[in-house]
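I opened the file this morning and kept notes as I went. Here is what I looked up, in order.

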Amino acid sequence: MSRNNTPKTQAEKGILLRLMKTLWKFYPVMMPVVVFCILFSAVVSSIPSIFMQKIIAAVEQSWKTGDWAAVSGQILGLVSVLVVFYVLSLLAAFAFNQLMAIITQGSLKKLREKMFNGMEDLPIKYFDTHNHGDVMSYYTNDIDTLRQMISQSFPQLMISAVTVITVFSIMLYYSLWLALVVLAGVTVMILVTRKVGGASAKYFIRQQQSIARTEGFVEEMMNGQKVVKVFCHEREAEADFDRINDALYSDSEKANRYANVLMPVLMNIGNVLYVIVALVGGVLLLSGAPNVSISGLAFSISIVVPFLNMTKQFCGNVGQVSNQVNAVVMGLAGAKRIFALIDEQPEVDDGYVTLVNAKEVDGQLVECEEHTGIWAWKHPHSADGSVTYTRLTGDVRLFDVDFAYEPGKTVLHNVSLYAKPGQKVAFVGSTGAGKTTITNLLNRFYDIADGKIRYDGININKIKKADLRRSLGIVLQDTNLFTGTVMDNIRYGRLDASDDECIAAAKLAGAHDFITRLPKGYETPLSGNGANLSQGQRQLLAIARAAVADPPVMILDEATSSIDTRTEAIVQKGMDALMKGRTVFVIAHRLSTVKNSDAIMVLEHGRIIERGNHDDLIQQKGTYYQLYTGALELE
């Protein structure tokens, strides 16, 4: 395989072609106008040499004839035409610059939207396996390199390419010999560009990757700053950052070193070529050698002088192309990462059973629009086209469930359990026993490898994921609050909830008292994941958010782990009210919070080793008994 046809080169061509198609698709009218304006401006910038040749030839003729009046009229006409071309070129340049501003920013806006919309459809697994700082780099660093390529490199490359082709065509028209001299010099410039520019491009790609790693590390350190300080890890963090930062410096320094060398070398090659063309032209003039050209004109000063001007223009544009290579390489590297995110496989959802509001009419469930507090599973049957409605009661059952996050590393083994409507089921066990994994499977954040999970008698694989998750309320150990007011964060659980419903949910969770003491009460703005609140207060808001959603099934994953004992007593009353009449799955390290559970599942290494209520398990004097009495500690 040739050097110019390597898989890497083919991939870059594919990315470039896809990017151009994307831009054309975004702006099918503006793009052709821009291309036309660029072509027109480039061609006009190439033709002054033609006018210069004619003007010098006219002056030469006037020396011979002495008819200055005729010559001055001819020169005035040529200058007038050239001025008209320049005015049109100026208008074309103004038009394409204005349009490119719209196309560039508009395209980046649309790409950001595509990335974000696609990201929202990705499975949880993607975010569990990708550094968040690296994901952020798509929206900042990669988008910025793409902006530079679209707004500057693309137009400049088109202008330079068209100018080079036009100027070389004019050269061939006037003199084959001088054109060949210029071609030989440009060949040297291209070889230098490939050698130096290729090395530069390699390090610019590495620079992109190093920037992403640096941003990821900084994001990680910002999130974990309290841990860093608590464990006096500042020096180690600095050392790790220095290592990553040194790698970024090394890649950037090498990339820019090669890039900075390229232009001076090309400029000097251009200057040498200019001198060589002048010498060859002078020799041909003095020797009276025949000229080989399409024009049929003999060698004269009217050909040599414009040729020198075209040589400068030709070499300058070749240098401009070389100068934009690095920006294009960086832009393509950014485009590759952006398209990779856009092309990530979205979360697969083959469910067809949906969740609807319902009401009872003559003992039958009937679908309705208003919120009645009654939910039903709408189950269409493809065999006969009929639709059945099953009341959502919260009956959840697992049958012989196996699961592995990675092939060959089974996390859950043959797990079977049931939660009848209104029951409270608790999971206890050491870290890594599989407690949170079970709740992840109930949400279908991950799909089981074997077995079945039935929800009100329906296989959850048949339920659309959005509807399944709408029926489940969840309070996680790690609380996430969003920029907005306290009221906005509570209403996040149900966007159509009224203020009164949000306040009632806050009272239920025990959050109302501390909210009313905030500077603006429920309208107090929050930012930075609720950094102006204590961990316990943030957790109370998360519980209120789940309460306003009013789901029939609740999942509490260490929901009170961040609340002190006194606050826990206050919250427990609200939690009891929240759980009343609902099926509840509880994960807790504090065994005092699960004593009143209808069933307690003790997990170890992904297996249920004990099950029963608190009294039953105490009488068994097994693992739960040891955990409860303190003979065995949860890790």
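**Notebook: strands, a helix, the whole chain**

I began with a hairpin. Strand S3 (residues 375-380) and strand S4 (residues 387-391) run antiparallel, and 5 bridges join them. I remind myself that this is a predicted model. I looked up the partner of Trp377 and found Thr390 in S4. Between the strands of this hairpin sit 6 residues. In the hairpin, Gly385 takes a positive phi near 80°.

Next I turned to strand S7 (residues 424-429). Lys424, Ala426 and Val428 are buried on one side. Val425, Phe427 and Gly429 are buried on the other. In general, side chains in a regular strand alternate between the two faces of the sheet.

I followed S7 to its neighbours. Strand S14 (residues 583-587) runs parallel to S7, joined by 4 bridges. Here Val425 stands opposite Phe585. Strand S15 (residues 599-604) also runs parallel to S7, with 5 bridges. There I found Phe427 opposite Met601.

Then I took helix H14 (residues 499-509). Which of its residues are buried? I noted Cys502, Ala505, Ala506 and Ala509. Viewed down the axis of H14, these buried residues fall within an arc of 100°, so they line one face of the helix. On the other side of H14, I found Asp500 and Lys507 exposed. Gly510 follows H14, and its phi is positive, near 80°.

Last, I stepped back to the whole protein chain. I listed 19 helices and 16 strands. Why do I call the chain more spread out than a compact globule? Its radius of gyration is 36 Å, well over the 26 Å that the globule rule gives for 635 residues, so the chain is more spread out than such a globule. The C-alpha atoms fill a box of roughly 125 × 60 × 55 Å along the principal axes.

Domain 1 covers 8-342, domain 2 covers 354-391 and domain 3 covers 396-628. The C-alpha centres of domain 1 and domain 3 lie 56 Å apart.

Of the 635 residues, 44% count as buried. The chain exposes about 32,200 Å², and carbon and sulfur atoms supply 59% of that area. Among contacts between residues at least 6 apart in sequence, 73% join residues at least 24 apart.

Key
Residues are numbered from 1 along each chain as its sequence is written. This is a predicted model: local features need pLDDT of at least 70, side-chain atom pairs count only at pLDDT 80 or more; totals for chains, interfaces and linings use all residues. Side-chain values use heavy atoms; hydrogens and water are left out. Buried means under 20% relative accessible area, exposed over 50%, partly exposed in between (1.4 Å probe, protein chains only). Helices (H or I, at least four residues) and strands (E, at least two) are DSSP runs, numbered from the N terminus. The arc is that of the directions from the helix axis to the C-beta atoms. Two strands pair if DSSP finds at least two bridges between them. Domain bounds come from an automatic or database domain assignment. The radius of gyration is taken over C-alpha atoms; the globule rule is 2.2 Å times the number of residues to the power 0.38. Contact means heavy atoms within 4.5 Å. Accessible areas come from the Shrake-Rupley method with a 1.4 Å probe; for residues, only the protein chains shown count as cover.
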